[in-house]
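Subject: Structure handover and notes

Hello,

Please read them with the model open beside you.

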Amino acid sequence: MIQHLIIAPILIPFIAGALMLLYDDRQRAAKFWLSLVSGGLLLLVAIRLLIEAKAAGSGGIGFYLLGNWAAPMAIVLVIDHLSAMMLVLTATLGLASLIYARAVWHRQGQHYFSLFQFLLMGLNGAFLTGDLFNLFVFFEVLLAASYGLMLHGSGQARVRAGLHYIAVNLAASLLFLLGVSLIYGVSGTLNMAHLANLVPQIPEAEQPLLKMGFALLGIAFLIKAGAWPLSFWLPNAYMSAAAPVGAVFAILTKVGVYAILRLSMLLFAEDATTMAGWGAQVLILLGLASITFALFGTLASQSLGRIAAYAVILSSGTVLAVIGFALAGGGGWMLTAALYYMIGSTLATGALFLLVEPMSRDDGGIAAMLALTAEIYGTGKDDNVGAETPDGPAMPAGLTLLSVCFGICVLVLSGLPPLPGFIGKLGMIQAALANAVAATFLIWSFIALLLLSGFVTIIALARIGIQTFWGSDETASPVMALEVAPALVLIALLGVMSIKSEAVLRYTGNTVEALEDRSRYAYGVFSASRTTAPILPGAGEAQP
Amino acid sequence: MELTLSFAIGVLTASGIWLLLRPRSFQVIIGLCLLSYAVNLFIFSMGRLTLGAPAIMPKGGFIDPTRYADPVPQALVLTAIVISFATTALFLVVMIAARGFTGTDHVDGKEREPQ
């Protein structure tokens, strides 16, 4: 029974989402509870998988052969440290955003909860699959759901940004397909583990085609990850999306980062012969450029939503640069710290997106949005708009809590002690300094940009904080418990992350070790027995 | 045959990209359609071109795989067609909504100011 747990993160949201389509859209309470059950189950399953991966040590890797066909014919699901980590992150962020949406947003349009479940399904599938074409399919599932969620609540700004978002992502999907088919044309397989075995054996003459395939694939992932020249769509789209949607979109960019990390470590890591370290320089440069772009963007932004969107770009740019350094042989410790930083910054940006709305309610931010929505749905003039106050009790001392949450988010994103942002950045800089012999200029500029990014973030966010909490004289409108609670939980998790930083860092360290030990992944799939076993220590005995 | 196919893919891609970069949303969607046709043909060609070869092998016995067409790209193309069809339909709806909101079919939602 336990081995089927691997596919549960895909099946649970799929079934829940499909079930909810059968309900009438007015049964919102039922839908909410169903999604909550699904989200909770998802979190439990993800944590269980994480514990199993952790218990199995750095070599622990589990395979699930769909339909019980032998690899590489079968579509295979793979769970290892990295996937388990991403699953837990998705489930946590998803649950927080789900609870937040209960306050206002789920009423602003149709099928919110179904779309949300399908988004979770696509995310989980993308993290679990061990097959390039399935990666494409799950990307499309999560993108299709994200188009719906992005437009949720409608309104001119959202539709306009959504149009750009969809057009860019459709073009990216086509590039993805081109890349996948080129790789298939050269190597004859789409299974990632099989590819890892075949890539070193591809004859010199066919390598340019293969590289072209991977480059196209890389462009598609970089668009998703929001790397610099491909990220101009991102701030507008994320800013105009509804708050809970923005929060869960914080992990959407990480799917691109994850795919790049997974594929490049598997295929172009140091020992993989002729194509070793391929693309490392490009990743470093694009990462540095994304950080720079995010710096200027953050400074130029006047609204919290836009700053949060640039924080997303900043975080994925940092991780991309570190992946580049790791590919070029920068040592695992830097990547370990970067993964830690990624978890922290994803949770913090998610929380920040959740804070945008309660913080800007006084400015008429949400009132204006709701008025627009009511206008679109033709639900009358003002009476209906006024009625759209959030559900649930108000939070006692709401504004104080809000400012504390905001302050902690600022600390994490700018990398001040004692929170995860600081520990992650410290680790990255420490490893970079230890490694400064090679490619010194890039390393030094990375360190400089990292420090500068913290400084810039604190300037921009402090400005917003002062305007919101100190600058207004009127009595603030009440803050709803349902809206602050998810952000509080995310922030509490950040606190736990810094208290337990040693354990988390050990886990990410094991993740990096597992990524560097390619043979377990590359040969494990083929030795996975047809009836599949749960994660075993050293399940993938190398059998070339 | 190879030349014809690659020429067709090239022309479709070139026109698709040109249309994609145009300012009108109708041109953009036609461009995306053309691009997706080109991509589908490209995927198909990655299984190598064969004439009159079935993609499904008979059951049992020894078979010579060179006499059969590669079934994988055909399956991939089918999936790709369905997905791009669905997303294009969705895009069309968003486009019409944008037209309704902004009153213009410019992709930015507003006309460029006259010089």
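Strand 1 of chain A, residues 62–65, is covered on both faces. A:Gly62 and A:Tyr64 are buried on one side, and A:Phe63 and A:Leu65 are buried on the other. The partner of this strand is strand 2 of chain A, residues 76–79; the two run antiparallel and are joined by four bridges. Within the pair, A:Phe63 stands opposite A:Val78 of strand 2 of chain A.

Please keep in mind throughout that this is a predicted model. The scores for the model are ipTM 0.92 and pTM 0.88.

Chain A

Chain A contains 22 helices and two strands. Of its 544 residues, 60% are buried. Taking the contacts in chain A with a separation of 6 or more, 81% are between residues 24 or more positions apart.

The largest nonpolar core has 229 residues. Which of them touch the most other members? They are A:Ala351, A:Leu355 and A:Cys409. Leaving aside residues up to four places away in sequence, A:Leu355 touches A:Leu402, A:Cys405, A:Phe406, A:Cys409 and A:Ala487.

There is a cis peptide bond between A:Pro417 and A:Pro418, with omega at about 5°. A:Pro418 sits in the loop that connects helix 17 (398–414) to helix 18 (420–434) of chain A.

The average pLDDT of the chain is 81, and 86% of the residues score at least 70. Two stretches should be noted here. Residues 364–372 of chain A stay under 50 in pLDDT, and the model gives them 10 contacts beyond four places in sequence. Residues 532–544 of chain A are also below 50, with 37 contacts in the model beyond near neighbours in sequence.

Chain B

Chain B is made of three helices and has zero strands, so its order from the N terminus is simply α-α-α. How does its radius of gyration compare with that of a compact globule of 115 residues? The globule would have a value near 13 Å, whereas chain B has 20 Å. The C-alpha trace of chain B spans about 70 × 30 × 15 Å along its principal axes.

Buried residues account for 25% of the 115 in chain B. Of the contacts in chain B between residues at least 6 apart in sequence, 51% join residues at least 24 apart.

Two residues of chain B have notes of their own. B:Arg48 lies in the loop between helix 2 (25–45) and helix 3 of chain B. Its phi is positive, about 65°, although B:Arg48 is not a glycine. Is B:Arg48 buried or exposed? B:Arg48 counts as exposed because it has 12 C-beta neighbours inside 10 Å, and the cut-off for exposed is 12 or fewer.

B:Ile96 belongs to helix 3 (residues 71–102) of chain B. B:Ile96 has 13 other C-beta atoms within 10 Å and is therefore partly exposed. From C-alpha to C-alpha, B:Ile96 is 21 Å from B:Gly16, and the two are 80 residues apart in sequence.

The mean pLDDT of chain B is 86, and 99% of its residues reach 70 or more. Confidence in chain B is highest in helix 1 (residues 2–20), at a mean of 93, and lowest in helix 3, at 88.

Where the chains meet

The contact draws 22 residues from chain A and 26 residues from chain B. On the chain A side, helix 5 (132–150) and helix 6 (156–187) each supply at least two residues. Which helix of chain A gives the most to this side? Helix 6 of chain A does, with 16 residues. Sorted by class, the side of chain A that touches chain B has 16 nonpolar, four polar and two charged residues.

Regards

How values were computed:
Residues are numbered from 1 along each chain as its sequence is written. Chains are lettered from A and ligands numbered from 1 in the order in which they are written. This is a predicted model: local features need pLDDT of at least 70, side-chain atom pairs count only at pLDDT 80 or more; totals for chains, interfaces and linings use all residues. The radius of gyration is taken over C-alpha atoms; the globule rule is 2.2 Å times the number of residues to the power 0.38. A residue is buried if 20 or more other C-beta atoms lie within 10 Å of its own, exposed if 12 or fewer, and partly exposed in between; C-beta atoms are placed from the backbone. Two residues are in contact if their C-beta atoms, placed from the backbone, lie within 7 Å. Ala, Val, Leu, Ile, Met, Phe, Trp, Tyr, Cys and Pro count as nonpolar, Asp, Glu, Lys and Arg as charged, and the others, Gly among them, as polar. Two strands pair if DSSP finds at least two bridges between them. A nonpolar core is a set of buried Ala, Val, Leu, Ile, Met, Phe, Trp, Tyr and Cys residues joined through C-beta atoms within 7 Å. pLDDT is the predictor's confidence in each residue, from 0 to 100.
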